[in-house]
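This briefing looks at charged side chains and how they pair. Have the sequence and the structure open as you read.

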Amino acid sequence: VPLAVLAETVFGEQVRLVGEGEALGNWRPELGLALSASPTSYPAWTLGSRAAALGDGSKVLQFKFVIVADSGVARWETGPNRTLFLPTSGRAALGPA
């Protein structure tokens, strides 16, 4: 389940996938899954191989992208929660934000 988001950040900030369930930190930004960006892909942040931590098998997960500063201050994305549908087989689907 490769996930990506475009996010403008400053040095020392990171983008995290935060939401329901243990894999997404139970809505606690410090426990969410960290996305990564490279100098050539920035401002695109991706989850990449860490997407396996989301698990598999007929799940619907609510989440948000959160920018977390070195200090721990979190900036939550605005709007409704995003939805990720993880089927038991086939491709995952991302619901509207």
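A salt bridge is a side-chain nitrogen of Lys or Arg within 4 Å of a carboxyl oxygen of Asp or Glu. Side chains of opposite charge can pair when their charged atoms come close. The model shown here is predicted, and it holds three salt bridges.

**Glu 77 and Arg 82**
- The side chains of Glu 77 and Arg 82 form a salt bridge, with N and O 2.9 Å apart.
- Both Glu 77 and Arg 82 are buried.

**Glu 13 and Arg 75**
- Glu 13 pairs with Arg 75 in a salt bridge whose closest N and O atoms are 3.3 Å apart.
- Glu 13 sits in the loop between β1 (4–6) and β2 (14–19), and Arg 75 sits in strand β6 (residues 74–76), so this pair ties together parts that are 62 residues apart in sequence.
- The relative accessibility of Glu 13 is 17%, so Glu 13 counts as buried, the cut-off for buried being under 20%.
- Arg 75 has a relative accessibility of 43% and therefore counts as partly exposed, a class that lies between the buried cut-off of under 20% and the exposed cut-off of over 50%.

**Arg 28 and Glu 30**
- A salt bridge joins Arg 28 to Glu 30, and their closest N and O atoms are 2.9 Å apart.
- Arg 28 counts as partly exposed because its relative accessibility is 44%.
- Glu 30 also counts as partly exposed, with a relative accessibility of 46%.

Definitions and conventions. Residues numbered from 1 in each chain as written. Predicted model: local features only at pLDDT ≥ 70, side-chain atom pairs only at ≥ 80, totals over all residues. Heavy atoms only, no water. Helix = DSSP H or I, 4+ residues; strand = E, 2+ residues; numbered from the N terminus. Buried < 20%, exposed > 50% of the residue type's maximum accessible area, 1.4 Å probe, protein only.
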